[in-house]
Amino acid sequence: EAVDSNISGAVNSIHVLAEGGAGAMGGYASNDGKTGLSSAGADALAAAISSDTGKLALTLTADITAEATGGSGGAGNNGAGADSRKGVGADGGAGSDGGAAVAYDLHLTAAGNVSVMADSLVSTAAGGNGGNGGNGGGPGRDNVGDKGGNGGHGGNAAAYAVYADGSRLQLATGSITATATAGSGGTAGAGATQTSSYGSPLINATAGVDGTAGTAGTAKAYGIYATGSTVELKHSTPGSTITIGATATGTDSEAYAVYAADSNVILQDKINITSGTTFLHNSTVAFNDRTADRILTSSGELKLAGSNEFRVTTDLTNNAADKFTFARLADGSSIETQYITVGYDKAFDGSDLTSISGDAVVLTVTDRNGQNLENFAGKTSTLDSPLHRFTATPTVEVNDSDVKITQIDFGRNDDASETVMTASDAQMALG
């Protein structure tokens, strides 16, 4: 953990495990006709690497794993029957809730410069199961069977492979996996249907009412979670494909391979999203290459909120470009303008090139889910040559499930390039 400090080095792997303790079972019914209270399972928090306003530079030869498991809730005890206590039996005790579980491989808050290389990142969180409700006790002089206890609720689970808030991260890895499983709800205790635990069935008495079963907890899984951050992603073996997967099981479960809000996600290698939604809110996803052959392929949904930017490298004269492919457009995706921009074209060399034409598909959504892609449009970006800056404005066409670039218009910008400004600054520093 780095808090207002710097950490650097090389290690083999980092594995962390957190387990919440189990809650205790409720006590037996006392003379007041009540069972003792059960206790809730303890929460668990696991964070492999954490940085708060610090700097990190770590190289791992193997993986980073974080695993958190919430404790199980204690079970309610069975209510006492009238034969073991004079008068009226006791209701079954309620089961308690399972503990929550949260796991982070990387947890970054206001971290200005973080560099991590690892073979893989695996984050797993499992909420504790709710305790079972106790059965109601047998009837006494009231001639009514006692109620069963309610089951406890399952614990919530949240798994983050990468969590970045107001941070800048350079991550080199081969795979990113996040799995969240909520705890299950405890079973309901049964209302009394016989005179005691070992007694005869009720004949002239009213059966007890069953308790209510507990519900499963919520589950949320994030491969990459970024808010107000920049995440640069490349494979630990350049040119290879990075695999990202996120799965969540529970009540109101949500699984995001990529969740980016007001953030930049920069890709240097190919991406294969095997599970989970890609969610973008006022963010940019950009390929940063010079080969025009990078592909992001997702078997999950694309969910858009606000206005976003998809940046690609093109080789338009050869009808080639980087490409984003998604299986489905999520319900209620934004109808605000979504922009396609060009970060580089292989024909661009800083000359007085005015325009190039071609036909290159840069984004495909196989199942548009009753929506359309007509809100995608081209947007001007700035390119640097050794001496000058140029603008590049793509002409974008939409053909059903495909968004493509058919032309790029270049314009000369009189501002000096970044290369020239850097050289000038260096010369001024030398006097």
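**Entry 1. Strand pairing around S20**

I looked up the bridge partner of Asn264 and found Thr284 in S20. The model is a predicted one, in which local features need pLDDT of at least 70, side-chain atom pairs count only at pLDDT 80 or more, and totals for chains, interfaces and linings use all residues. Residues are numbered from 1 along each chain as its sequence is written, and side-chain values use heavy atoms, with hydrogens and water left out.

I noted that S17 and S20 pair in the parallel sense over four bridges; two strands pair if DSSP finds at least two bridges between them. Strands here are DSSP runs (E, at least two residues), numbered from the N terminus. S20 also pairs in the parallel sense with strand S22 (residues 309–315), over three bridges. In S22, Phe310 stands opposite Val285.

**Entry 2. The faces of S20**

I then checked both faces of strand S20 (residues 284–287). Thr284 and Ala286 on one side are buried, as are Val285 and Phe287 on the other; buried means under 20% relative accessible area with a 1.4 Å probe, protein chains only. In a regular strand the side chains alternate between the two faces of the sheet.

**Entry 3. The cavity**

About 80 Å³ of space lies in the largest cavity, a volume being the space filled by probe spheres set on the points, which are joined across faces, edges and corners. Its lining residues (an atom within 4 Å of a point) include Val265, Leu267, Ile271, Ile273 and Val285. Strand S17 (264–267) and strand S18 (270–275) each supply at least two residues of this lining.

**Entry 4. Tyr256**

I located Tyr256 in strand S16 (residues 251–261). I recorded Tyr256 as buried because its relative accessible area is 12%. Tyr256 and Ile273 are 17 residues apart in sequence and 10.0 Å apart in space, C-alpha to C-alpha. Not counting residues up to four places away in sequence, Tyr256 touches Ala221, Tyr222, Gly223, Ala246, Thr277 and Phe279, contact meaning heavy atoms within 4.5 Å.

About 240 Å³ of space lies in the largest pocket. The elements giving two or more residues to its lining are S20, S22, strand S25 (338–345) and strand S28 (381–384).

Definitions and conventions. On a 1 Å grid over the protein atoms alone, a cavity is a set of points where a 1.4 Å probe fits but cannot get out, and a pocket is an open set with protein on both sides within 12 Å along at least five of seven lines; lining residues have an atom within 4 Å of a point. Buried means under 20% relative accessible area, exposed over 50%, partly exposed in between (1.4 Å probe, protein chains only).
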